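Please find below a short briefing on one protein model. It is meant to be read beside the sequence and the coordinates.

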Amino acid sequence: MSLGHRLLLSLPPETAHEIGLAAVSRGWLGTVTVPERPVESFGVRFRNPIGLAAGFDKNGVAIGHWHRLGFGFVEVGTVTRHAQVGNPRPRLFRLREHGALVNRMGFNNEGADALARRLEGSACPIPVGVNLGKSKVTALEDAPSDYLYSFRLLAPFASYVVVNVSSPNTPGLRDLQQTEALRAVLSPLREAKPETPLFVKVAPDLEPAALEEIADVAVELGLTGIVATNTTLGRPGLGSGVPEGGLSGAPLRPLADSALETLARLGTGLVLIGSGGVMGRDDFHQKVRLGASLVQVYTGFVYAGPTFVASLLA
Ligand SMILES: Cc1cc2nc3c(=O)[nH]c(=O)nc-3n(C[C@H](O)[C@H](O)[C@H](O)COP(=O)(O)O)c2cc1C
């Protein structure tokens, strides 16, 4: 581990995140060489199937630099229609001995308009996904128009769009995973721009029957695929005393893998993007074996640093 990375991990987690992101956005980390592992999925070419998961570069500030660390794609956001500050700090916690993080950020972001301006003004050599959420000030019943606003604005800059209905840190958001509510959010987007590849991101805490219902809606509406999964409200193997929020990293992997497997077994033809607990090569390969066409990482990258993607592809 480099001295810089060790230093970052000695700082409070959100401070470390801010400094790390600033370093990437200024190109200070240099370029990491990774093996070429080209894949094509939903008509998009990727230099490799490993992407940066949503939430790391919420505002797209480092959009022109992620390819230098070997990423095959990057998902910006979650972005909401209205800019918002998120929850009070502290809201990001390391469980280092478990290879995990807990966060309750609450969609802190500069808003859809700001992200659109940034994406318009920056070139990104790898595919960019845009992850959309509901603004906190928007009532749950008005969620469809909130998502639609951001979608219309940002779809022109996106290789694909993800509708995030699975973050545990916006009250009521996960209720939008229920069939009727989900249809109400997704179908206006599908009608507005049928040509934009569209995904829904699901929670790892859903029963197989609920996942199947979501997959049914996705197929019915002609979605491209599903991102499985977001963070968990569960605390598998962690005991008590863990802060409130969504858990990511190693302890999430069995839950995320099981959701991915459930979705793959349905044989729907939906594209599956695997996310949750990829801390090393075996975890990456397991996601692919289970049926993921693309794989995203967040917590593993935080702990392993700039050479993480290279280590997964080695
Ligand atoms: C600090 C933090 C912030 C996150 N923010 C978002 C977000 O804004 N939107 C989202 O869809 N997922 C978000 N996630 C979830 C990740 O995108 C990913 O799905 C999850 O962490 C599981 O992957 P991992 O185990 O590799 O971290 C966040 C995760 C972390 C740790």
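The points that follow go from the overall fold to the barrel, the ligand shell and some backbone details.

The model is a predicted one, and in it the protein has 10 helices and 13 strands. Eight strands form a closed barrel with parallel pairing, and a shell of 27 residues lies around the ligand.

**Overall dimensions and packing**

- The radius of gyration of the protein is 18 Å, which agrees with the value near 20 Å that a compact globule of 314 residues would have.
- Along the principal axes, the C-alpha trace extends over about 50 × 45 × 40 Å.
- Of the 314 residues in the protein, 49% are buried.
- When contacts between residues at least 6 apart in sequence are considered, 72% of them join residues that are at least 24 apart.

**The barrel**

- Strands of a sheet pair through backbone hydrogen bonds, in either a parallel or an antiparallel arrangement.
- Strand β3 (residues 50-52) pairs with strand β4 (residues 73-79) in the parallel sense over 2 bridges, and Leu52 stands opposite Val74 in β4.
- Strand β10 (residues 225-228) pairs with β12 in the parallel sense over 4 bridges, with Ile226 opposite Leu272 in β12.
- On β12 there is also a parallel pairing with strand β13 (residues 294-297), over 3 bridges, in which Val295 of β13 is the bridge partner of Gly274.

**Strand β12 in detail**

- Strand β12 (residues 271-275) is mostly covered, with 5 of its 5 residues buried.
- In a regular strand, side chains alternate between the two faces of the sheet.
- In β12, Val271, Ile273 and Ser275 point one way while Leu272 and Gly274 point the other way, and all of these residues are buried.

**The shell around the ligand**

- Among the 27 residues around the ligand, those that come nearest are Ala53, Gly55, Ser248, Tyr298 and Thr299.
- Sorted by class, the shell contains 10 nonpolar, 15 polar and 2 charged residues.

**Backbone details in the loops**

- Most residues other than glycine have a negative phi, and most peptide bonds are trans.
- The peptide bond from Arg89 to Pro90 is cis, with omega near 0°, and Pro90 is found in the loop between β4 and β5 (92-95).
- A cis peptide bond also joins Ala228 and Thr229, where omega is about 10°; Thr229 lies in the loop between β10 and β11.
- Phe42, in the loop between β1 (39-41) and β2 (44-46), has a positive phi near 35° although it is a residue other than glycine. Phe42 counts as partly exposed because 16 other C-beta atoms lie within 10 Å, while 20 or more would be needed for a buried residue.
- Phe107, in the loop between β6 and α3 (112-120), likewise has a positive phi, near 55°, in a residue other than glycine. Phe107 is classed as buried because 25 other C-beta atoms lie within 10 Å, and the cut-off for a buried residue is 20 or more.

Notes: Residues are numbered from 1 along each chain as its sequence is written. This is a predicted model: local features need pLDDT of at least 70, side-chain atom pairs count only at pLDDT 80 or more; totals for chains, interfaces and linings use all residues. The radius of gyration is taken over C-alpha atoms; the globule rule is 2.2 Å times the number of residues to the power 0.38. A residue is buried if 20 or more other C-beta atoms lie within 10 Å of its own, exposed if 12 or fewer, and partly exposed in between; C-beta atoms are placed from the backbone. Two residues are in contact if their C-beta atoms, placed from the backbone, lie within 7 Å. A residue is near a molecule or strand if its C-beta atom, placed from the backbone, lies within 6 Å of it. Ala, Val, Leu, Ile, Met, Phe, Trp, Tyr, Cys and Pro count as nonpolar, Asp, Glu, Lys and Arg as charged, and the others, Gly among them, as polar. Two strands pair if DSSP finds at least two bridges between them.
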